[in-house]
Amino acid sequence: MTPRSTSMSRDMPADARRRVVWAGLAGAGILLATGGLSGCGFALRQAPSFAFTSLRFTNFVTTPVSRALQRELAAAGIQVVNTAAVAGQPPVQVVLAVLTDQRERVVVGQTTSGQVRELQLRTRFRFRLSTSSGKYLIDETEMLQERDISFTETGALAKAAEEQLMFSDMQNDIVQQIMRRLAAVKSL
């Protein structure tokens, strides 16, 4: 009687043994890669933590970026208020003043006959963060996102849908940048 190998049977077809070996090597590679990443300080982005628990929005509270930012803050556990202070209501810790929230669509390329061939889409958001007593935590800051898009009259409806997707993408980028800046405030 001959001893049998405990890891792989010699009775297995060669291609099945090859698959088992490759699967083992792939698993070892994944373990080495993740082990190497944890050693270098790599970590997935965590949910931000804030130095405040309540925030009041002022000025442009119903614009697309403001509404998206309010939703993100509420999801992060921040009490968001966008109305004026009411007697008997506890005061908020910080005030986010939205100074500008605008979308722009600018022609940057034309044919010799004057037909539009390229557009630039911009989303601009300016804000300031202060305590309820007036101490500035973040001075006036402007966030600007720009995207270039080609344009043809024959595909105007498709380009309109593409523009909306690009504006939505720029809005999400700006909201995430603002969230990181708000999380960077460590003391009031």
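Biologist: Where is serine 49 found?

Modeller: First, the ground rules: this is a predicted model, where local features need pLDDT of at least 70, side-chain atom pairs count only at pLDDT 80 or more, and totals for chains, interfaces and linings use all residues. Residues are numbered from 1 along each chain as its sequence is written, and side-chain values use heavy atoms, with hydrogens and water left out. Helices (H or I, at least four residues) and strands (E, at least two) are DSSP runs, numbered from the N terminus. Serine 49 sits in the loop between helix H1 (14-39) and strand E1 (54-59).

Biologist: Is serine 49 buried or exposed?

Modeller: Buried means under 20% relative accessible area, exposed over 50%, and partly exposed in between (1.4 Å probe, protein chains only). Serine 49 has a relative accessible area of 52%, so it is exposed.

Biologist: And glutamine 120, buried or exposed?

Modeller: Glutamine 120 lies in strand E4 (residues 116-131). Its relative accessible area is 13%, so glutamine 120 is buried.

Biologist: Which side chain makes a polar contact with the side chain of glutamine 120?

Modeller: A polar contact is a pair of N or O atoms within 3.5 Å; within protein, one must be able to donate a hydrogen and the other to accept it, and residues adjacent in sequence count only if both atoms are side-chain atoms. At 2.7 Å, the partner of glutamine 120 is arginine 122.

Biologist: What is the handedness of the crossing of H2 and H3?

Modeller: A crossing is left-handed if the near helix is turned anticlockwise from the far one by less than a right angle, and right-handed if clockwise. For H2 and H3, the crossing is right-handed.
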